[in-house]
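Thanks, everyone. Please take a look at the structure on the screen, and then I'll walk you through it.

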Amino acid sequence: MSKNAKIAAGGVAAGLLLLIWLPWWAALLIMLGVPAAAYLALDPAQRRRLRRATRKEIGR
């Protein structure tokens, strides 16, 4: 299993646990808010590099 697959599986497991313990709207807010906050915490050069890398992968 690749590293990205392990991360995705962990994210799904964490999301399911959140849905069990919290109301659906709170779990959704956390699942969408954490990655958004992490992206906004990057400086502009890191954001450009991240966008450029994802565009290269899409073109494959």
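Helices here are DSSP runs of H or I with at least four residues, strands are runs of E with at least two, and both are numbered from the N terminus. Residues 12-42 also carry the annotation "transmembrane region" in an unreviewed UniProt entry. Such annotations may be inferred rather than shown by experiment.

A word on the source. This is a predicted model, where local features need pLDDT of at least 70, side-chain atom pairs need 80 or more, and totals for chains, interfaces and linings use all residues. Residues are numbered from 1 along each chain as its sequence is written, and side-chain values use heavy atoms, without hydrogens or water.

Now the whole chain. The protein chain has three helices and zero strands. Along the sequence, the pattern reads α-α-α.

Next, the packing. Helix 1 covers residues 3-21, and helix 2 covers residues 24-41. Their axes, lines fitted to C-alpha atoms over the stretch in contact, are 7 Å apart at an angle of about 150°. That makes helix 1 roughly antiparallel to helix 2, a label for angles over 145 degrees. Which residues make the contact? Helix 1 brings G15, L18 and L19; helix 2 brings W24, A27, I30 and M31. Contact means heavy atoms within 4.5 Å.

Last, burial. Of the 60 residues in the protein chain, 5% are buried, meaning under 20% relative accessible area with a 1.4 Å probe, protein chains only.

Methods
Buried means under 20% relative accessible area, exposed over 50%, partly exposed in between (1.4 Å probe, protein chains only). Axes are lines fitted to C-alpha atoms, for helices over the stretch in contact, and angles run from 0 to 180 degrees between N-to-C directions. Angles under 35 degrees count as roughly parallel, over 145 as roughly antiparallel, 65 to 115 as roughly perpendicular and the rest as oblique.
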